Every structure is written in structure tokens, then in C-alpha cells.
Amino acid sequence: SREIRLKNRPVGMPIADDFELGTVELPKPEAGQVQVRNVWMSVDPYMRGRMNDARSYVPPFALGAPMQGDAIGEVVLSNDPSFKPGDLVQSMFGWREAFNASANKVRKLETHGLPAEAFLGVAGVPGLTAYVGLLHIAGLREGDVVFVSGAAGAVGSMVCQIAKLKGHKVIASAGGTEKAAFVRNELGADETIDYKAVADLTGAVAMAAPEGIDVYFDNVGGDHLDAALANAKTFGRFALCGMISEYNVASPQNGPRNLLMAVTKSLRLQGFVVLNHLNLQPAFAKDLATWHAAGKIKWRQTVFHGVEQAPNAFLGLFKGKNIGKMLVKLS
Ligand code: NDP
């Protein structure tokens, strides 16, 4: 079975040579273990943080060891009474074709009629992140004008749709004309900004929302956060979900230029990690099922094939190569 290991800890933007492809021979699973062949694995922006040797809310990846991440696979051998061959399971043993693990480290996946890989995207952590950030952290309320960055991505595309389902005006930013068209035509954003094509992002947000914004869902940080601060209404609320524009900056120089506006406009800026809000998972699953049954949820995915392509898929996140969720399909 092949797996991707962390070879070097990158400084700045990671490169293909920071990863290595290795092979392991899997023994038969021991008592209480299952053997799983992965079918889908997720690559996510937060994994960049785990490549650093730094303390955070998840421990760093170990050098020379296989990387980890969300994955869906099929049980091929079971030495535990609670699983049988053919069971679909979700685990954190991504970045490898197959693995042995204690039965309590994998969980059975009920797909409820959705494709299995949706549980790495729209119905998985990214979907839940959008739901938690928008409804719980930003505290979305009637009449709010919502601005979201990274709008064509896994989290952002759900933010757009949940806000539209609840009747809000949505201003969405994404890189490139194809993404802007997706966000406008398929996700229903009222105003779209192709941030790669505008010289003045603050001005572009002001044009899209002359009345100002009440809620900013931040996936990007940097200039986007500054543009949101400049365009926020008094008592605006910011859900700080991620700041991907800053993950590969080796030594950050300056903070947001407009942070003083958080004072003058009485803004609330709140960061969050979705893992601290898993209590909202049942409510999310229920709402998603209702919205999906009504035909109101759309999603896309960008798929790389083969475990050897996982580093490219991951690096592609930082170059905007994905529309919707970035996934790797394992053969
Ligand atoms: P996406 O599917 O949004 O993929 C990443 C996207 O980020 C790219 O497609 C690209 O889109 C954009 N991007 C990359 N580099 C830059 C840059 N320098 N400036 C602006 N945009 C950039 O990923 P996810 O939906 O998985 O994650 C979105 C955000 O949510 C990330 O910040 C992530 O860390 C965060 N997150 C936070 C969680 C939490 O618990 N707080 C949980 C899950 C995700 P484009 O072409 O438009 O530039």
C-alpha cells in the first residue's frame, strides 16, 4: 500500500519535494482491528499549519511518517465484530491507500443517499464550518448583508448558499472569471468580485454593497479582511474562519491596516475552529437534509486521481486550482 509522507518542513510555499511517496506492507489486522482501503481523501488548507513544527489546535505532522487527514474507505478485512468487509467508513487515516486501525478509530458512514465523498465536503467538515461560522459565530440575523471571501471553495460555496436560503444579500469574492460565474449563476450570490481582476478591493466591495456589510465570513485574511473592515457597518460581525492568504507567508510583516475600525465601528471579530462546535452537527445534518430534499443545495468538486497526486491536489489549494471541494480519488 502506498502512502505520502512528510519529507521536509516547508518555509513559505510548500513544494512537491516536501513530500515523499512510500510503500508499506500491511499485515492481517489484529484482534479489534480493521483493514480499510481508502476510496476518497481530503486535502485541506489547515494541513499547511500541521507541516510546521508549531503548537496549535492539532499536533504537527511527524517527519518521515504518513500525513493524516479526513478519508472515506471500505473495510476489506475485519477482526472486530462491529465491522464487516464492504462497510463504508470515515477516518483520519488519509494520505494512504490502505491502513490497519483499531475499530474505534474509524466510524461507519451512513450516506443517506448522498455520494460518499460529499461527507468530505458539503455534508462534512467544510459544510459544517460554513453553518457554524455563519449562523453561530456571526449570528446571522434578518436583513444582514453578507460578504464572503473564498466563495467558490468548499466552505465558501456553502456560506453563499446558506445565506441565500435565508434571504440575505450576498457579496462573494473569488479568483477568476470562471469562479465568479459559478458563484453568481449556481450559488446565487447577488454581487460577485473577481478579486484577481480588481486593483482596489475595498472600492469593489463598496460598489457591490453601497449600504455596507453586516457580516463578513473570512476565509482569506489579508486584503480581504481590510476591505471588509473598511466596508463594515456599525456593529458588524466577522466570523474569522481562515486566512489562507497568510498560511505560506514565512514571516508576517504587518497586521490588518484597518483594524482600528473594529473600535470605531463597534465590530465583533470572532475566530473559531469547527472542532469546538461539534454540538451543532445534528442541527446541521437536519437542515442540510431539508435543503437538499428541496433541491436547494449545489456543490462541485475538483478531483485528482491516485495517492501520488495528493501533494499536487494539496498545493493546488494555494493556487486556486479547485472549484468547490478539492478531493483525491484513490484507485
Ligand atoms: P477552499 O476550497 O476554499 O480552497 C482554497 C481556496 O482558497 C482556493 O481555491 C483559492 O480560491 C483560495 N486562495 C488560495 N490562496 C489564496 C490567496 N493568497 N488569496 C485569496 N484566496 C486564496 O478551501 P476550504 O473551503 O477547505 O477552506 C476555506 C477556508 O476555511 C480556509 O481558510 C481554511 O483554512 C478555513 N477552514 C477553517 C475551518 C475552521 O474550523 N475554522 C474548517 C475548515 C476550513 P481563489 O481561486 O478564489 O483564490
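User: What makes a residue nonpolar, polar or charged here?

Analyst: Ala, Val, Leu, Ile, Met, Phe, Trp, Tyr, Cys and Pro count as nonpolar; Asp, Glu, Lys and Arg count as charged; the others, Gly among them, count as polar. By that rule the shell around the ligand has 17 nonpolar, 11 polar and 2 charged residues. The model is predicted: local features need pLDDT of at least 70, side-chain atom pairs count only at pLDDT 80 or more, and totals for chains, interfaces and linings use all residues. Numbering starts from 1 along each chain as its sequence is written.

User: How many residues surround the ligand, and which are the closest?

Analyst: The ligand is surrounded by 30 residues. G153, A154, G175, G242 and G320 are the closest. To be near a molecule, a residue needs its C-beta atom, placed from the backbone, within 6 Å of it. Helix 2 and helix 3 (154-165) are the elements that give two or more residues to this shell.

User: Why is helix 5 called oblique to helix 6?

Analyst: Helix 5 (residues 201-208) and helix 6 (residues 222-231) pack at about 45 degrees, with axes 8 Å apart. That angle makes helix 5 oblique to helix 6. The classes are: under 35 degrees roughly parallel, over 145 roughly antiparallel, 65 to 115 roughly perpendicular, the rest oblique.

User: Which residues of the two helices meet?

Analyst: L201, T202, V205 and A206 in helix 5 meet D223, H224, D226, A227, A230 and N231 in helix 6. Contact requires C-beta atoms, placed from the backbone, within 7 Å. By class, this contact has 5 nonpolar, 3 polar and 2 charged residues.

User: Why does V43 count as buried?

Analyst: Buried takes 20 or more other C-beta atoms within 10 Å of a residue's own; 12 or fewer is exposed, in between is partly exposed, and C-beta atoms are placed from the backbone. V43 has 26 C-beta neighbours inside 10 Å, so V43 is buried. V43 is in the loop between strand 3 (33-42) and helix 1 (47-50). Leaving out residues up to four places away in sequence, V43 touches G69, A310, A313, F314, L317, M326 and V328.

User: What makes H112 and F235 exposed?

Analyst: H112 has 12 other C-beta atoms within 10 Å, so H112 is exposed. F235 has 10, so F235 is exposed. H112 lies in the loop between strand 7 (107-108) and helix 2 (125-137). F235 is in strand 12 (residues 232-240).

User: What is phi at H112, and what is phi at F235?

Analyst: Phi of H112 is near 50 degrees, a positive value in a residue other than glycine. For F235, also a residue other than glycine, phi is positive, near 70 degrees.

Terms used:
Axes are lines fitted to C-alpha atoms, for helices over the stretch in contact, and angles run from 0 to 180 degrees between N-to-C directions. Helices (H or I, at least four residues) and strands (E, at least two) are DSSP runs, numbered from the N terminus.
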